[in-house]
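Dear colleague,

Here is the structure I promised to pass on. Please look it over before you read my notes below.

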Amino acid sequence: MRFGEIYGNDALKRRLTRMVDENRLGHAVLFVEQEGMGAVAFAVALSQYLNCTNRAGGDSCGQCPSCVRHQKLSYPDLHFAFPVNTSARLSDQEKKHPVSSYFIRDWNDLLLSNPYFGSQMLTDTLGIENKTGAISVNEAREISSILSLQPYESDYKIMVIWQPEKMSTDAANKLLKLLEEPPAGTLFLLVTQNMEKMLPTVLSRCQIIRLQPVERGEMAAILQQKYNLDAQDAMNIATLSSGSMGRAMAEVEQMGEESQSAAITRSLMEAALSKSLSEVLDIADSLASMGKDKQRQWCVQAESFVRKLYMSSCGLQSIAFAGEQEKEYIATLVPRIKESFYGKAAAALDAAIHLIEGNVSAKLVFADLGNRFYLYI
Ligand SMILES: [Zn+2]
């Protein structure tokens, strides 16, 4: 994986390559991201750059023997550890002490096909179903024994640990020793989406690198090119995904199953329920920038959705006419919503349709509507 293949965070790419060029890379780097930003891709790209024999233009060459093996994730000095649990795919013996190496093929396939994956996608891929993954003391032992060996080709043994906050206490203590006195040539690349859950003693030994959300315009341009979307759709999805490439990709995929209007309604409900006024207003902005037809279409869809919520809240699921997936979603939503919301929200949507028809500024109409959702819910 070359840096050039990863979307966004260009300043960070330059910073990382400079750290390597100027020999300022510590023995432990912690990447902090929000889910779907692709920090693990940065870790792999950093390892590839570090080991490339023909670096040029601030990136690895992609062609030397080291790069070729990195691109297949078969480089012998690049290792991965991540939270696992038992899976029906493991043998009885393996089930006793599941560790990452049993799942490495699934992990590599996922990382190569979608480096912006999140926790749920990994859990699904590994087949550990609804069990919580953990990094156990057995895993920590494996990490320790890998790092105690001489590297095969590199000057380094590179250990990428995904979600180090999911270590058991025993595992963390073992890792802490390795972080304090790492065997020569060790490079830890940790990736977390929950830095606040990490042990301060581990944090204090890491160089911390934060990924930034991809800027909205840049994300829209990427989506337009990657998925051949029209400019407006791309901008809407960029708004909904809060700068996370993984979330944007999931939104695009959902478009087939669920109309874009429904996706916007969902985001608006979630933003209002989580009391994030700034997110509500971002969504309102995105609605305001759409064409009149799409705005009306969205208002009608949203009103129909509010009606389904209301029916379900009265115990009339059977006449709410919701699809199976939608029913499940509605069931999770209803207990979080005030009873008085439905009538007021439907009236506000009605009013919005009239105002749009009457050529009132869409920016005002949707800002007001968003605000009402935020207050009423
Ligand atoms: Zn190379």
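Helices (H or I, at least four residues) and strands (E, at least two) are DSSP runs, numbered from the N terminus. On that basis the protein chain has 18 helices and 5 strands.

Two points on provenance. This is a predicted model, in which local features need pLDDT of at least 70 and side-chain atom pairs count only at pLDDT 80 or more, while totals for chains, interfaces and linings use all residues. Residues are numbered from 1 along each chain as its sequence is written, and side-chain values use heavy atoms, with hydrogens and water left out.

**Overall layout**

The protein chain is divided into domain 1 (3-210) and domain 2 (258-376). Those bounds come from an automatic or database domain assignment. Taken over C-alpha atoms, the centres of the two domains are 41 Å apart. The C-alpha trace spans about 75 × 50 × 35 Å along its principal axes.

Buried means under 20% relative accessible area, exposed means over 50%, and partly exposed lies in between (1.4 Å probe, protein chains only). Of the 377 residues, 50% count as buried. The protein chain exposes about 17,800 Å², and carbon and sulfur atoms supply 50% of that area. The areas come from the Shrake-Rupley method with a 1.4 Å probe; for residues, only the protein chains shown count as cover.

Contact means heavy atoms within 4.5 Å. Among contacts in the protein chain with a separation of 6 or more, 71% are between residues 24 or more positions apart.

**The zinc site**

Which residues coordinate the zinc ion? They are C52, C61, C64 and C67, each through SG, at 2.3 to 2.4 Å. Donors here are N, O and S atoms within 2.8 Å of the metal (3.2 Å for Na, K and Ca); water is not among the atoms, so sites may look incomplete.

The donors follow the spacing C-x8-C-x2-C-x2-C along the chain. C52 and C64 are 12 residues apart, and both sit in the loop between α2 (39-51) and α3 (65-71).

Why is the arrangement called tetrahedral? The 4 donor atoms subtend angles of 104 to 118° around the zinc ion, which makes it so. Four donors count as tetrahedral if all angles lie between 85 and 135 degrees. The ideal angle for four tetrahedral donors is 109.5 degrees.

C61 is buried at 19%. C67 counts as buried at 0%.

The structure holds 0 disulfides. The test for one is a pair of cysteine sulfur atoms within 2.5 Å.

**Positive phi**

Most residues other than glycine have a negative phi. Two residues are worth a look on this point.

- S242 has phi near 50°, a positive value in a residue other than glycine. S242 is placed in the loop between α11 (231-240) and α12 (245-257). At 31% relative accessibility, S242 counts as partly exposed.
- N359 has phi near 60°, again positive and not in a glycine. The loop between α17 (341-357) and α18 (362-376) holds N359. N359 is exposed, with a relative accessible area of 60%.

- S267 is found in helix α13 (residues 260-273). S267 is buried, with a relative accessible area of 16%. Leaving aside neighbours within four places in sequence, S267 is in contact with L240 and I283.
- Y310 lies in helix α15 (residues 292-313). Y310 is partly exposed, at 43% relative accessible area. Y310 and Y342 are 32 residues apart along the chain, and their C-alpha atoms are separated by 6.0 Å.
- H97 is in the loop between α4 (92-96) and α5 (104-113). H97 is partly exposed, with a relative accessible area of 43%. Not counting residues up to four places away in sequence, H97 touches Y102 and N138.

Best wishes

Technical notes
Tetrahedral: all angles 85-135°; square planar, octahedral: opposite > 155°, others 65-115°.
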